[in-house]
Structure formats: C-alpha cells, structure tokens
Amino acid sequence: MLDIQLLRTNLNYVIEKLSSRNFSFPVDRFNQLEAERKKIQTHTQELQAKRNTISKQVGLAKSKGEDTTAILAQVSNLGDALKQSVTQLEQIQTELQKILFDVPNLPHDSVPKGDGETDNQEIRRWGAIPSFDFEIRDHVSIGEGLKLLDFETATKLSGARFSIMKGNLARLHRALAQFMLDTHIQEHGYIETYAPYLVNHDSLHGTGQLPKFEEDLFAVKAGGNAVENEHSPGLYLIPTAEVSLTNIVRDEIVPLQSLPLKFVAHTPCFRSEAGSYGRDTRGLIRQHQFDKVELVHIVHPESSYAAIEELVGHAETILQKLELPYRVVALCTADMGFSAAKTYDIEVWLPAQKTYREISSCSNCESFQARRMQARFRNENGKTSLLHTLNGSGLAVGRTLVAILENYQNADGSVTIPEMLRPYMNGLDQLCTAGGQ
RNA sequence: GGAGAGAUGGCCGAGUGGUCGAAGGCGCUCCCCUGCUAAGGGAGUAUAGGCGCAAAACGCUUAUCGAGGGUUCGAAUCCCUCUCUCUCCGCCA
C-alpha cells in the first residue's frame, strides 16, 4: 500500500511512476472521493465534537444534581445526523481503501523502464553453458526414462499440474532443500523457521496477495464446511513462504537492535495458476504444488537496497555451489510484481529449452507491505517507523531439480549428482535406472 | 467436544455508565543532586487520522481499552456475536 499522504500531496508523481508499470491510476475518481471525504469527515467530526461537549455538560450537571432536560434537548436530533454522516464517511473511506489496496508499489529509480519481459536488463551471467555430444532430452523425458518421475499417476490422484517423484529422485529433491537450508543457516546467518502453510486473510492482505489476486490462491474448507463464514475469516494455502515469514512482524514493533531479521523456511507452495492455461503444461516447471526455500529480510529502511544485493547473492551462492549456469536480470518497471519496488530475477540455464528460466525472484518491497501490515520498529529517536521487507527464493526446489536433470544428463540417460549434494545422498553420484529404487 | 477464567498503553497492572486517553508501577528520555558504585528528587513519555499554517514548531479536533454490532445525551465499564489466551476434563499425531 502506498502512503496516502503521498497521494494527497504528490499525486502527479505517483501517477507518472505508476504509468511506467502500465498501471493507470483512477485520478478523477480519487480526487472526487478525496474532496467528498474531506467535506464529510470535517462535518462528522464537528458533530462528534458537539456531542462530546454536551455529554460532558450532562455529566457535570448531573453530578451537581441539576436538571438536564434543557441540555438534553440540544442533542435530541444530533444522533441521527451523526449516524448518517458516519455512514457516509465509512462508505467513502471504504471506496478509497479499495482503490488504494489495488495500487501496486512504485518502482525505484534504479529500475529499468520498459513495457514487458523483453525490456528486462541482464545484470550478469555466471557459469559456462554446457555442450552435449548427444541429443539433449528434457527433464520429463529423463525423469520418466529413469522411472523416477510420474505425471500420469499424479493426475489420477489430483489432476493436471501435479507430479510424483520416487526413489532417488525424490531423495534428490529432499537433498536439495536440505542443502539450501543448511547453506543459508550456516553461511548466510538466517534464522531457520518452520511456519504455517495455511494462513488467514489478514496475512495474505499484508503481503499483497489479497484482495487483488485471490484467484491465484487455493482456499480450504474444514470438515466439509468452508472455514470462512461471517464471523471467522477463511484460511488459504500459502502461495509462497514469503507470506508466512513476512507476516511474522505484522502488527509488531521490532526493537532497533534486533534488525535486520533474516528468516529462511522450506515450505510447499500452492498456486492455482489461473490465467496460465497452456503455459508450461509439460513437466515440473509450473505445478500447483511445489517446494521452495524462501528468504525474507526485515530491515531498517536505510539498508534495504544493500539488503537486496545481499539477498540475490545468497540465492546465487546456491547455483554456484551446484555449478549451474545462470544470469541475473533486473526486471523492468512493467514486469515487476505488485508489491515490489525493485526485483532481480535469477534465471537458470535449461539446455532442453535452450534458454534461461526463472528460478528465483528477489524483491525489495520497501514499506509497501510494512504499511499494510503495520510492521514497525522504534527508530533512533524512539519513534515508531515502518520497516522495509524483502523476499527472495533461495531457490525454487522443483525448478532446481529440473536444472540438475537437464544440465547433468548423460548420454546413457543417467544423471550425475552435483558434488555438493552427494553428502545428502549417502555418497551416491548418479541417478540411473538400475539404482533408481 | 464439555466446564470455567481472562484479553486495558513498550511491558506489568488498576479501573463496572459521566471532566478516563485511561491511576499506579516498570522501562525509556531530559534535568537536578551525589566526586566512583548504589541510591535519591523533578519533568516528560501511546497510536492513527482530519483541519489550520507556505512549512516546521504548534494550535484545534476525531477515533482507538481483543474484533464487530447494539443500548445511551454519554461506554474500557451494560447487552449480543465472534476471535484469541489460560486452567480442568475428554479426544488426538
């Protein structure tokens, strides 16, 4: 959420910034509502002030044992007028909030301007693209060939966009997550975190998934009944652990000395993938359920741009240790996610697609999420002030597995296991059919 | 699932219809005293808005005592609904 003060005092700046991400701010509607709000809020507060003074007089008179009918006569019709005014004000403020909640974050000045994916700016490349003297197979062909990857059965259980991994492939998948977690905990100073996979409406609102992107989520029922009813808000499966980890500081005032907070968690993620019909239908790239190791930083506003560089570095470390070629891309203004002020994507080389594919996305949300969450810290002067939040994948486990299968494939259909993962695989150095079980 | 008790400011805790945004304490900030240490004295210290001012300082004002609704001229206090926490019992990985 943007600062309402910024909209009031510097609307043109906001409009221009937003247009760079192809978002057109409803200026006229906003101005109209603001004008009404101003008028009605003032009116309401005048009525409230009047009521308060008179009520005090009543109390005073009664304590002296005086007659109060004369005073009470003054407020006889005030109640209705006030109620009406309050209702009106609430309607306007609800509408203003609706507008405000749907407005994405403003891009940072360092973000490349552009209209779409093609305008993203490559920052650096790492690793040599492997060459193969045999016909390259994609991860589906490799995994199914090894009889370790099974989409058909998963479809029977759950439908499209699910998968079953077995044997050493399932183990490799687990090894990857462990390896990532260990690296971030031991080498990068993160707090290992186990957090809920089901979260409430407020949490999703805090990080910006709601109200705008509900169709991307899975909501759950309890005992055959929808959890959500008029009194109890519903639960949703997390689309990313960013939601659980970032909301740890929702409605909190974090002591200055405990900043920065750095959380890491390995969780499943659930996405409905509405609107992506026909995209990446084959394989593990785009699933309704996938595992991710997520990194979250909660920082002092002054250090958030240093933090995003650090965060990207942490994610890159994983790829370097696994010796997977990748590139880092700065997303352009139009390609960034809703809550981000600046985003770097890390894209890993996939030989079968002959292209780099997103494997991590690291964003600085500045105070955008913190303002929604009321996540604050007590600053040097003892005043509360909004935190900055960042999140990034470190990394998407399923896609990392895809990258390993494809980049480490051998002519005989086997797959070499990267050195760093062998300790997690009981020393195993290859996935092959014979040893697959 | 059954029975009961709770939810108040950064923290603890008082407050059952009227100068209560809230006693007292802790913590914190500033000042004074004390030649260290310990202790003592004084003042200040919630948050989010609105309006005014070119702006800051500031002034006026509104809302907020778990959440939402209701009663009332007036609600932390009374009524209803919900959420959460704690204790006991049952069930359970």
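Contact here means heavy atoms within 4.5 Å. With that in hand, take glutamate 34, which touches Arg8 and Leu96, not counting residues up to four places away in sequence.

Before going on, some ground rules. This is a predicted model, in which local features need pLDDT of at least 70 and side-chain atom pairs count only at pLDDT 80 or more, while totals for chains, interfaces and linings use all residues. Residues are numbered from 1 along each chain as its sequence is written, chains are lettered from A and ligands numbered from 1 in the order in which they are written, and side-chain values use heavy atoms, with hydrogens and water left out.

On confidence: pLDDT is the predictor's confidence in each residue, from 0 to 100. Chain A averages 91, and 96% of the residues score at least 70. The model has an ipTM of 0.84 and a pTM of 0.92. Where pLDDT is low, the predicted coordinates should not be read in detail.

Chain A is assigned domain 1, at 26-102, and domain 2, at 117-431; such bounds come from an automatic or database domain assignment. The C-alpha centres of domain 1 and domain 2 are 48 Å apart.

Back to glutamate 34. Its place is in helix α3. Helices (H or I, at least four residues) and strands (E, at least two) are DSSP runs, numbered from the N terminus. For exposure, buried means under 20% relative accessible area, exposed means over 50%, and partly exposed is in between, with a 1.4 Å probe and protein chains only. Glutamate 34 has 12% relative accessibility, so the residue counts as buried.

Now the salt bridges, meaning a side-chain nitrogen of Lys or Arg within 4 Å of a carboxyl oxygen of Asp or Glu. Side chains of opposite charge can pair when their charged atoms come close. The whole structure has 17 salt bridges. I will go through a few.

Glutamate 34 and arginine 37 form one, at 2.7 Å from N to O. Both lie in helix α3, residues 27-63, three residues apart, or about one turn of the helix.

A second one joins lysine 321 to glutamate 187, with the closest N and O atoms 3.0 Å apart. This pair links distant parts of the chain: lysine 321 is in helix α11 (residues 304-321) and glutamate 187 in helix α8 (residues 167-188), 134 residues apart. Lysine 321 is partly exposed because its relative accessibility is 22%. Glutamate 187 is also partly exposed, at 48%.

Two strands pair if DSSP finds at least two bridges between them. Strand β1 (residues 121-126) pairs with β13 in the antiparallel sense over five bridges, and arginine 125 has arginine 327 in β13 as its bridge partner. β13 also pairs with strand β14 (residues 342-350), again antiparallel and over five bridges. There, the bridge partner of valine 329 is aspartate 345 in β14. Why is β13 largely enclosed by the rest of the structure? Because four of the five residues of this strand, residues 326-330, are buried.

Elsewhere, an open sheet of three strands has the order β5-β9-β6, with antiparallel pairing. Its edge strands are β5 (198-200) and β6 (218-219), each pairing on one side only. Two bridges join β6 to β9, residues 235-237, and phenylalanine 218 has leucine 237 in β9 as its bridge partner.

Arginine 271 lies in the loop between β11 (261-270) and β12 (289-299). With a relative accessible area of 29%, arginine 271 is partly exposed. Leaving aside neighbours within four places in sequence, its contacts include Phe218, Thr240 and Phe290.

Glutamate 294 is in strand β12 and is buried, at 2%. With the neighbours within four places in sequence left aside, glutamate 294 is in contact with residues including Thr240, Ala241, Glu242, Asn391 and Ser393.
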